[in-house]
Amino acid sequence: MLNRAARHIRSLLAALFAGVLPLLAALLVTAPPAQAATLTEVTNFGTNPSDLRMHLYVPDTVATRPAVLVAVHYCTGSGPAFYSGTEFASLADRHGFIVIYPSATRSGNCFDVSSPQALTRGGGSDPVGIRSMVDYVQRTHNTDPARVFVTGASSGAMMTNVLLGVYPDVFRAGAAFAGVPFGCFATTDGSGWNSACAQGQVSRTPQEWGNAVRNAYPGYSGARPRMQIWHGTNDDTLRYPNFGEQVKQWTNVLGVSQTPSYTDTPQANWNRTRYGGTGAQAPVEAISLQSVGHNVPQSGMAARVIEFFGLDSTTTPPPGGGEPGTPAACRVTATTNSWNTGLTASLTITNTGSTPLSGWSLRSTLPAGQTITSGWNASYSPSSGAVTATNVTHNATIAAGASVSIGFQAYHTGNAGAPTAFTLNGASCATS
């Protein structure tokens, strides 16, 4: 009986495995491979007056509330070409940020950095389309509005300068490879090329260069983005004098001395100077590349950009430079009153630090479906998603321990909650 029972059990097991093993084999053969991050084109991303194209790279693993990097190509290039030819996507894989690759579509595939429209906030040219790309990613990927950066080469470097000028409330820092100062390429005859600037023949005082940036967004008094500048001494396309002119411009814009605070040679033929600070996130950092032409960025340079932005860690330095992870010295109280499809929001910003705050911008995220229709005691931009409220003249300074009250009226589609995730001049605020 025992032998018969054992034989029966063996028969059942054999039948079971006979059925299961082919099924497992089939699953192993037909199971799809693991998905890998790829470059994806995005259409209908928002206002796009110059018909730019948008490609997006989202790593398989992104950080919580990831940062956003806009990477802007050179003339004759494209977003996909800049994706393939630079190291920013692989660095995004490592550090969990998202990369936007815009593509110019006009003749020559150069970006508009010369027209009055491009050099004015909301002027209706390429910067508007790129701003829409950033807004789209912030809406769809829950990114950190206080950690948006831009870098580019040649035409893209010129656009980096332009974006920091017209949207200082959007971008935290920029890195320009072989570019020219904001406004240097300006023309009024419809031409997209400025030979005098390209040849390094345009020289202005720091104040004049700084005024060009400030005039792009009149009345703005919030924090200004930091700038990293790269240029080869043998550049015969956008000649080397543009390197020094950019240093003059951005030290003036950021209110720091033109005398370097720190100088070193991080590797052979690289001469690096830092202005307004000595650390890796100084307000202005400039790298002069001995005997290098217009072919930048080269291998290893992108990692230096990521370090300057602070994207190699989970924290980002405060605006204007400083050490990463500086604790916030602010508190925000937010309440709403709603009716049907409308609401008003009241926000109180308190400076909990020991020194006055002169000039401020408060960033927060509106609940989905809310759109600001009007506001008081601050300027608001954009009207939905990740919104920045910037001081007006009468409340530009918040004394230590003091508070200011601001507010807005909005339309809602059902969620009448208060804004969330407050950052004041780039530093996270406590809430109450």
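**Disulfides and a helix crossing in a predicted model**

Mentor: With 130° about the S-S bond, the link of Cys 75 and Cys 110 is right-handed. The model is a predicted one.

Trainee: Which parts of the chain does the pair of Cys 75 and Cys 110 tie together?

Mentor: Cys 75 lies in the loop between β3 and α2, and Cys 110 in the loop between β4 and α4, so the bond ties together parts 35 residues apart in sequence. The S to S distance is 1.9 Å.

Trainee: How many disulfides does a search of the whole structure find?

Mentor: The search finds 3. Another joins Cys 184 to Cys 197, and its torsion is about 125°, so this disulfide is right-handed. Both of these cysteines are buried. Cys 330 and Cys 429 form a further one, with sulfur atoms 2.0 Å apart. At -105° about the S-S bond, the link of Cys 330 and Cys 429 is left-handed. Cys 330 lies in strand β11 and Cys 429 in the loop between β21 and β22, so this pair ties together parts 99 residues apart in sequence.

Trainee: At what angle do helix α7 and helix α8 pack?

Mentor: Angles of 65 to 115 degrees count as roughly perpendicular. Helices α7 and α8 pack at about 65°, with axes 8 Å apart, and are therefore roughly perpendicular to each other. Their crossing is right-handed. The contact residues comprise 6 nonpolar, 4 polar and 3 charged.

Definitions and conventions: Residues numbered from 1 in each chain as written. Predicted model: local features only at pLDDT ≥ 70, side-chain atom pairs only at ≥ 80, totals over all residues. Heavy atoms only, no water. Axes fitted to C-alpha atoms, helices over the stretch in contact; angles between N-to-C directions. Helix = DSSP H or I, 4+ residues; strand = E, 2+ residues; numbered from the N terminus. Parallel < 35°, antiparallel > 145°, perpendicular 65-115°, else oblique. Left-handed = near helix turned anticlockwise from the far one by under 90°. Nonpolar A, V, L, I, M, F, W, Y, C, P; charged D, E, K, R; others polar. Disulfide = S-S within 2.5 Å. Buried < 20%, exposed > 50% of the residue type's maximum accessible area, 1.4 Å probe, protein only.
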